[in-house]
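Subject: Structure handover

Hi,

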Amino acid sequence: MLHLLLAPAAFAAQAPTLAPVSHLQQEDTQPAPTAPAAGDSGVSDAPQRPYLMEVNLRGKYMSIPDSLIDIWMFNGSDDNGNHQPRPQVRAYAAGMEFAIRSNGEGSGAMGAFYFDYFGHLMDDGYWDDREEGDSSIIYNDGYYLAPSSNFGFVTLGANYYYDLRLAPWFSFMVGGGLGVAIAIGEIQRWGPTEDGTPAWNRSDLDGTAADKDPLPIPGALPIVDLNAAVKFHFNDKASLRIEGGLHPLFYGGAAVGIVF
């Protein structure tokens with residue numbers, strides 16, 4: 001009987017002691033979300049686009065210096081010649097350009113794809129090439145050339161530029177590229193008459209069809225572009241580029257447009 005009375009006491013002595021559980025410890029132990037800092041909306045900004053695009057209108061005035069053409073062609077009284085002065089080679093180009101360039105105010109690359117109309121500004125006139133070797137000089141075997149009113153080229157191409165950003169609003173650019181020029185129109189030509197009258201002295205040039213085939217010009221010609229420019233940036237909303245170089249004549253020009 002005594003054994004039965006002492007058994008519950010012995011069992012209670014062997015049971016582990018449990019600490020009281022506070023109602024605070026029963027709450028969720030997950031950390032509370034932190035409040036956004038002052039001025040922070042709590043919404044992350046969209047990532048910055050790594051590139052910008054431009055659509056530009058562009059124009060160029062082009063020429064070949066007379067001193068360069070003199071290497072191959074006579075000009076008026078050169079070397080005691082007695083014919084008309086040679087016309088000056090002048091032209092213009094006008095068109096559009098789509099460009100992709102690096103975003104941000106640092107230096108970077110720009111690629112441009114262009115479409116131009118290339119029109120002539122050359123007068124009709126006499127052209128006579130210099131004889132090669134020790135041949136005697138002949139001034140009267142040249143051609144009188146007259147470009148048709150629609151003579152010119154449609155040009156397509158692509159240029160690469162490196163944009164050296166010198167200030168947030170100003171940069172210096174150099175680059176180059178390739179293109180193709182598709183000829184339209186023709187250049188009519190007259191030669192010496194059968195009795196030896198030179199083309200520059202013919203009296204039947206006006207109102208008379210050319211007596212020679214048009215000047216042979218390929219239907220498509222390759223273009224090599226070399227460019228150097230200064231560029232003004234207007235808060236990445238617009239740009240103005242003033243440039244010069246080779247296209248395919250020596251040129252000076254500008255391009256202006258929007259940035260987006």
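The protein chain has an average pLDDT of 82, and 76% of the residues reach at least 70. Where pLDDT is low, the predicted coordinates should not be read in detail.

Now to the inside. The largest nonpolar core has 18 residues, and those touching the most other members are Met 62, Val 89, Phe 118, Trp 127 and Leu 249. Strands β2 (90-102) and β3 (108-120) each give at least two residues to this core. A second, separate core holds seven residues, among them Tyr 144, Trp 190, Ala 199 and Trp 200. In soluble globular proteins, nonpolar side chains tend to be buried together.

Leu 249 is a handy place to start looking around. Beyond its neighbours within four places in sequence, Leu 249 contacts Met 62, Ser 63, Ile 64, Val 89, Ala 91 and Phe 118.

His 120 belongs to strand β3, and it counts as partly exposed because its relative accessibility is 21%. Its contacts, leaving aside neighbours within four places in sequence, are Arg 90, Ala 91, Tyr 92, Pro 147, Ser 148 and Phe 151. His 120 and Ser 63 are 57 residues apart along the chain, while their C-alpha atoms are separated by 9.8 Å.

Leu 240 is in strand β10 (residues 238-246). With a relative accessible area of 27%, Leu 240 is partly exposed. Again setting aside neighbours within four places in sequence, Leu 240 touches Val 230, Lys 231, Phe 232, Phe 234, Ala 255 and Val 256. Asn 56 is 184 residues from Leu 240 in sequence, yet the two are 8.8 Å apart in space, C-alpha to C-alpha.

Finally, the surface. Which residues make the nonpolar surface patch of about 550 Å²? They are Tyr 51, Phe 98, Ile 100, Phe 113, Ile 258 and Phe 260. Of these, Phe 260 lies in the segment after β11 (250-259), and its relative accessible area of 40% makes it partly exposed.

Terms used: Residues numbered from 1 in each chain as written. Predicted model: local features only at pLDDT ≥ 70, side-chain atom pairs only at ≥ 80, totals over all residues. Heavy atoms only, no water. pLDDT = per-residue confidence, 0-100. Patch = residues over 30% accessible without salt bridge, like charges linked within 9 Å, V, L, I, M, F, W, Y side chains within 5 Å. Areas by Shrake-Rupley, 256 points an atom, 1.4 Å probe, with all protein chains shown as cover. Salt bridge = Lys/Arg side-chain N within 4 Å of Asp/Glu carboxyl O. Helix = DSSP H or I, 4+ residues; strand = E, 2+ residues; numbered from the N terminus. Buried < 20%, exposed > 50% of the residue type's maximum accessible area, 1.4 Å probe, protein only. Core = buried A, V, L, I, M, F, W, Y, C linked by side-chain atoms within 4.5 Å. Contact = heavy atoms within 4.5 Å.
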